[in-house]
Amino acid sequence: MSPDTSQLVPPHGGTLRELLATGEEAAALVAQASELPVLRLGARQVTDLELLSVGALSPLGGFMDEADYRAVVEGMCLADGTVWSVPITLPVTAGQAADLAGRQIALAAEDGTLLAVMDAGEAYPYDREREAEKVYRTADPAHPGVEAVNEQAELLLGGPVRAFALPPDPEFPEHRLTPAQTRAAFAERGWRTVVGFQTRNPVHRAHEYLTKVALEVVDGLLLHPLVGETKEGDIPADVRMQCYQVLLDGYYAQDRVVLSVLPASMRYAGPREAIFHAIMRQNYGCSHFIVGRDHAGVGDYYGTYDAQEIFDQLEPGALAIQPLKFEHSFFCVRCEGMASSHTCPHGNDVHVFLSGTRVREMLEAGEAPPAEFTRPEVAEVLIEAYSGGAP
C-alpha cells in the first residue's frame with residue numbers, strides 16, 4: 001500500500017507531472033525512438049531532461065516553446081501565468097533545426113544512449129543578451145551563467161517530451177530519489193512539513209545552524225545537495241557527499257533528515273535561481289525552503305539578500321512553499337555559540353568567519369579550520385581531498 005502523501009504540500013501547478021513512461025508504453029517508445037532522427041544533448045540539457053522526466057520541473061511537459069520562453073524571460077512566469085523563473089530550453093543550430101523542427105525526434109545522452117521522444121515544434125530565435133540581463137541581471141561574459149548562454153547554439157527547439165529512460169550511470173544512485181520517492185519517504189515518517197536545504201558546498205557550522213533552527217518548527221529536513229554541473233573551483237560532488245554523510249551521522253537526529261541529491265546544473269542566477277530552487281523543492285514535497293545569504297550567487301553580481309527579497313515580489317499564493325529567510329550566521333566567541341545579527345550584540349572582532357580562499361589555503365596545507373567554523377569530521381574529509389588534489 002502506497003503511503004498517503006495527501007498531507008504534504010501540493011506540487012507546483014497542483015499535479016506531479018512525471019514524463020517517464022514505464023512498462024509497455026516505455027517499450028513502444030524505445031522501438032519508436034530507434035527509427036527517429038536523434039539529437040544528442042549537452043550536459044545541462046541531460047540534467048534538465050532527467051528533472052523533467054521525474055516531475056521535478058512540474059508543471060512543465062517538455063522544453064519551453066517560444067511563448068513560455070519569452071514569458072519566463074520577461075515576466076518570470078509561464079505563458080499561462082504560472083510562476084517560473086528560469087528558462088528550460090533546448091538549443092540547436094540552424095542546421096539541426098532544418099532537420100528536426102516540426103518532427104518527432106529522439107533525444108539522447110552525450111554518449112548516444114536514447115532517453116526520450118520529443119514532438120519538436122518550430123525552432124525560434126532568441127536574444128542572448130536580453131536573457132542574460134533579465135535572468136542573470138548582467139550581460140558580463142565572465143558570469144558563469146551568462147557564459148553558458150553565450151556558448152549555446154543560435155536557436156531554441158521547444159516541445160513536449162515523453163521519456164523512457166533516465167541518463168545512464170548516474171552518480172549516487174542510492175540517494176537519487178525522485179519527487180514521488182521523497183514524498184513517499186516523508187509520508188512514511190509521518191511528516192507534514194518539511195524544510196528543504198539547497199547546497200553546492202559542504203555543510204559548515206553556519207549551514208548546520210540554519211537547518212537546525214528550521215527543524216525546530218517543521219517535522220523534517222530534506223538535505224538536497226545539487227550534483228549537476230557546477231563551475232570550476234567548486235568542490236566535487238563525491239567529496240561533498242562524504243562531508244554530508246559524516247555530518248549527518250554525528251550531529252543530526254537520524255529520524256528527522258532525508259539525504260537526497262538534486263541532479264540539476266547550477267546556473268548561478270542568484271534571485272531567479274532561488275525561486276527555481278524553491279519550485280523544485282516544492283515538487284519534492286517540501287513546505288519550506290531555506291534562503292540564506294547570497295543564495296545561488298557568484299562574485300559580486302547580486303546583493304547579499306536579493307535572493308530573499310525576490311520572494312516578496314510574488315503574488316500571495318503563487319508558490320505553496322514558504323521561504324525561510326535567514327541572516328548570515330557565525331560563531332560568536334562571547335556568546336559561546338552560533339548566532340546571527342538578530343541574536344548577537346557583539347562586534348565582528350569576536351565572530352569566527354573565514355573566507356573561502358582562507359579555508360582552501362588551510363586545507364591545502366593540511367590544517368583543519370577551527371571547530372567553530374566546521375566540524376572536525378568534515379574538515380578531515382576536506383583535508384584528505386585537497387591534499388590529494390581532488391578539488
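The charged end of Lys212 sits over the ring of Tyr252, 4.9 Å from its centre. A charge counts as sitting over a ring if NZ of Lys or CZ of Arg is within 6 Å of the ring centre and within 35 degrees of the ring normal. Arg189 places its charged end over the ring of Trp191 in this way, 5.7 Å from the centre.

This is a predicted model, where local features need pLDDT of at least 70, side-chain atom pairs count only at pLDDT 80 or more, and totals for chains, interfaces and linings use all residues. Residues are numbered from 1 along each chain as its sequence is written, and side-chain values use heavy atoms, with hydrogens and water left out.

Searching the whole structure gives 4 aromatic pairs; rings of Phe, Tyr and Trp (its six-membered ring) pair if their centres lie within 6.5 Å, and planes under 30 degrees apart count as stacked, over 60 as edge-to-face and the rest as tilted. Here are two of the pairs:

| Pair | Centre distance | Plane angle | Type |
|---|---|---|---|
| Trp84 and Phe276 | 6.1 Å | 65° | edge-to-face |
| Phe186 and Trp191 | 5.5 Å | 25° | stacked |

Why does the pair of Trp84 and Phe276 tie together parts that are 192 residues apart in sequence? Trp84 lies in the loop between helix H3 (66-75) and strand S3 (91-92), while Phe276 belongs to helix H10 (residues 271-283). Helices (H or I, at least four residues) and strands (E, at least two) are DSSP runs, numbered from the N terminus.

Trp84 is buried at 0% relative accessibility, and Phe276 is buried at 1%. Buried means under 20% relative accessible area, exposed over 50%, partly exposed in between (1.4 Å probe, protein chains only).
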